Amino acid sequence: MSVLLYLVLFVLGLVLLYLGAETLVKGAVRLATSLGASKLLVGLTLVAFGTSAPELSLDVTAAFRGAVDLAFGDLVGSNIANIGLVLGAGALVRPIRVQMRLLRTEVPMVIAVSLGLWAMAADGEISRGDACVLLAGFVAFMAYLVRSGLRAEPSVQEEISKLADVPSKRGKSAMMVFGGLVGLVSGAQLMVFSAVSLARTLGVSELVIGLTIVAVGTSLPELATSIVASYRGEDDITVGNVLGSNIFNILLIMALVALIHPLPVAIRTLKMELPIMMVFAVGLVPIMFTAKSITRWEGGVLLAGYVLFLGVQAF
């Protein structure tokens with residue numbers, strides 16, 4: 001099979017993956033609220049999984065198929081792309097204001113989980129024991145999200161509740177959940193197959209494919225959301241999606257993948273990609289603390305840094 005055909009299959013898988021994720025989350029939200037669940041809690045939890053559902057499906061599928069380098073590369077690459085590509089492009093459209101709440105909590109969390117992953121990888125593997133620690137961190141993070149939401153001002157709670165304010169019949173909602181799962185699984189299978197095949201055909205490692213093509217693909221929804229939100233001045237959505245996605249990628253998805261199959265970490269990854277991920281995470285501090293915003297020129301720096309990262313991968 002040709003490279004072009006593998007690329008077509010990859011794009012088809014990507015489309016199925018995102019249609020499946022969107023349908024699944026909408027169906028799950030509607031089903032939960034129709035069964036009497038609190039709209040506030042549904043908005044805080046189920047909706048939060050929306051941007052990470054594609055990575056979750058793809059990387060768990062990759063782990064079951066033994067393509068662990070692809071899964072690890074996607075997660076690390078997605079975290080780098082979320083900051084360099086997504087925030088960078090968003091800030092170029094319009095300077096992004098950053099709330100102090102994000103600076104005090106989410107940004108330090110992103111740095112902490114990135115540093116924790118790097119430390120866990122120092123022995124050359126993300127083990128099942130490491131995965132349990134990450135999952136414990138994820139439970140703590142979700143508890144923090146719920147607690148913060150329940151203590152938020154009434155106006156904020158109302159906005160969160162609106163995310164789940166989509167009444168629908170239970171039967172239709174259940175069908176949406178089922179259809180979304182089918183789309184997620186089918187899309188993930190196609191993407192993993194085509195990505196592994198591309199790596200073999202082009203003579204590059206699955207890790208590099210995961211860090212580049214797959215990572216950019218799974219970051220496209222965040223990119224689209226960031227650009228639209230920046231244009232509309234909805235800065236909390238732009239920054240919140242990126243920070244939340246990066247935390248979910250490490251604490252939840254990396255943990256699940258490592259539980260299925262311990263993840264070997266190459267020396268090159270330990271010395272280059274993981275430090276680069278840390279640089280992007282720590283770089284948010286001086287960028288965001290200056291005037292509590294990401295200006296256009298700072299967005300340009302982030303984007304240029306990401307392009308440089310891709311260039312390094314190409315060689």
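Let's start with a definition: helices (H or I, at least four residues) and strands (E, at least two) are runs assigned by DSSP, and they are numbered from the N terminus. Counted that way, this chain has 12 helices and four strands. A word on where this comes from: it's a predicted model, so local features need pLDDT of at least 70 and side-chain atom pairs count only at pLDDT 80 or more, while totals for chains, interfaces and linings use all residues. Residues are numbered from 1 along each chain as its sequence is written, and side-chain values use heavy atoms, with hydrogens and water left out.

Okay, the overall picture. The chain has 315 residues, and buried ones make up 50% of them. Buried here means under 20% relative accessible area, exposed means over 50%, and partly exposed is in between, using a 1.4 Å probe and protein chains only. Next, contacts, meaning heavy atoms within 4.5 Å. Among the contacts in the chain with a separation of 6 or more, 87% are between residues 24 or more positions apart.

Now the inside. A nonpolar core is a set of buried Ala, Val, Leu, Ile, Met, Phe, Trp, Tyr and Cys residues joined through side-chain atoms within 4.5 Å. The largest one here has 85 residues, and the members that touch the most other members are Leu70, Phe72, Leu87, Ile126, Leu274, Met288 and Ile294. Helix H4 (residues 68-93) gives the largest share of this core, 14 residues.

Let's zoom in on Ile126. Leaving out residues up to four places away in sequence, Ile126 touches Phe72, Leu117, Met120, Ala121, Ala258, Pro262, Leu263 and Val265. Take Ala121 from that list: you'll find Ala121 in the loop between helix H5 (100-120) and strand E2 (125-126). Is Ala121 buried or exposed? It's buried, because its relative accessible area is 0%. Ala121 and Val265 are 144 residues apart along the chain, yet their C-alpha atoms are separated by 6.3 Å.

Next stop, Thr61, in helix H3 (residues 53-64). Thr61 counts as buried because its relative accessible area is 11%. Its side chain reaches the backbone oxygen of Ser57 at 2.7 Å. That's a polar contact: a pair of N or O atoms within 3.5 Å where, within protein, one must be able to donate a hydrogen and the other to accept it, and residues adjacent in sequence count only if both atoms are side-chain atoms. Not counting residues up to four places away in sequence, Thr61 touches Ala188, Gln189 and Val192.

Over in helix H8 (residues 170-202) we have Ser186. Ser186 is partly exposed, because its relative accessible area is 32%. The side chain of Ser186 reaches the backbone oxygen of Val182 at 2.8 Å. And how far apart are Ser186 and Thr61? They're 125 residues apart in sequence and 9.9 Å apart in space, C-alpha to C-alpha.

One more pair to look up: Ile227 sits in helix H9 (residues 206-232). Ile227 counts as partly exposed, because its relative accessibility is 33%. Ile227 and Gly90 are 137 residues apart in sequence but 4.8 Å apart in space, C-alpha to C-alpha.
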